[in-house]
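Here are a few friendly notes to read alongside the model. Please keep the structure open as you go through the points.

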Amino acid sequence: MSIKARGSIGGGGGLTRDWVHNTQDTALETITAGDAIEQVQSIVPTKSTKPPASMPTAAGNVCKTSMTGTAIGHLNAPYLTMYRNDFDDYGQPKLVKDTGIVAPSGGVVGAAFNYDGSTFFCLHSGSPYVTSYYMDYETLTYKKATPPTPNPFIAGNDLAFSNNFHLAIALTNAPRLKLYQVNDQFGSDVTALADLAEPPTSTVFRCAYSADASFLALGTTSAPFLYLYNVWEGYVKLPSMAEPPTNSVTALAWSQYGGYLAVGQSTSPYIILYRRQPDNSFIRLPPPNTLPTGKVQSCSFSHNGQFLAVTHEMNPFISIYRTGEIFLKLANPSPLPSGTGNGIAWAFDSASLAVAYNASPYLTVYGNEQEYGIRKLTANSYQRIGLEVSGLGLAKMGAAKGQPVDVQLFSSLGSALWNM
């Protein structure tokens, strides 16, 4: 890859000077002399925060977050634990348990917040199968909404909610997926939509909408294991992936802007990564540099797009990756979950990571620390220039991960680098 610089130091639109600012920083990955580099400031999950004053009392099966709080779904009573975001006397964030939540009628297998956290849906065993909650901003608690009548919902395996107010329920049997339009802010007014014209041919175990509501991904138990639908064109099925998953899909996650799709499966390599192309096709990326150690149960991208967190069977039960052309595994946070992680979700501001698992204390929230350094410029990170990058340049020397590296930075923040 050859690199050119363009931009202006003086504001005239032309390149008035070459690389002008020298610096030294720490390599976040292996750097070779001449590499195009970014000087970055990252927020990395490293250690658990002070736990909530009141912890969950049952194994966590589902974990979801929003700008208002965190929800943990359980297969056993109390079925649902809700926390709202708050601050302690020192201005540090904390989770406060909602002690008045009205439990759903059975074990929670799927859940979703709406875009601003004002409404929450959970899929559970036992009629009415879907229960919705809305945020009461006077009491800062979630209230159970009046269920729609007649009840349109049926039992399912997973639930997804989109920013165009569509609700999807993954099913074991035909029609494999039920779709609904939510017509109010409470989830009390719901209309059933038409079934998919080209449904999957086997059990749908996982479902996930992209954040922009353009696509719906379905993970199934038989080949081709992954189905993608264009929502805005009426749930038109997209062509099958050229390189589909190789076993039952156990987890799905889209990055915030739909650039990545992570697919967990029950056998090695356990996590499969796809990148969305400008023409809305998807290509499979190389596997992460270090694979999860077992069947993936859940996965979640940070909202800033920098990280993917995965829960899985087998120690260390959690793997966190830095996104890029090759996803790079971070050092394990401390302490590790004490059992298989069944649910994982980043806070809305990407400043913390919640993990729900099947052994006491059932919940760990990891806080983040600032990390400064140099990493290679990739095609993907180029697309995010201006959002995350504090400097662009070339490496003057090579360095291993964690070692100081001499670099030259281009001083104009309006500059850009691109592949030739």
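1. Among contacts in the chain between residues at least 6 apart in sequence, what percentage join residues at least 24 apart? The share is 53%, where a contact means heavy atoms within 4.5 Å.

2. A word on the basis: this is a predicted model, in which local features need pLDDT of at least 70 and side-chain atom pairs count only at pLDDT 80 or more, while totals for chains, interfaces and linings use all residues. Residues are numbered from 1 along each chain as its sequence is written, and side-chain values use heavy atoms, with hydrogens and water left out.

3. You will find 1 helix and 33 strands in the chain; these are DSSP runs numbered from the N terminus, with helices being H or I of at least four residues and strands E of at least two.

4. Of the 420 residues in the chain, 53% are buried, meaning under 20% relative accessible area with a 1.4 Å probe, protein chains only. The chain's accessible surface comes to about 17900 Å², and carbon and sulfur atoms account for 52% of that; such areas come from the Shrake-Rupley method with a 1.4 Å probe.

5. For a local example, look at strands β6 (residues 80-87) and β7 (residues 93-97), which pair in the antiparallel sense over 5 bridges; pairing requires at least two DSSP bridges. F87 has P93 in β7 as its bridge partner. The two strands form a hairpin with 5 residues between them, and G91 in the turn has a positive phi of about 80°.

6. On cysteines, the count is 0 disulfides, taking a disulfide as a pair of cysteine sulfur atoms within 2.5 Å. C63 counts as buried because its relative accessibility is 3%, and C122 is buried at 0%.

Technical notes: Buried < 20%, exposed > 50% of the residue type's maximum accessible area, 1.4 Å probe, protein only.
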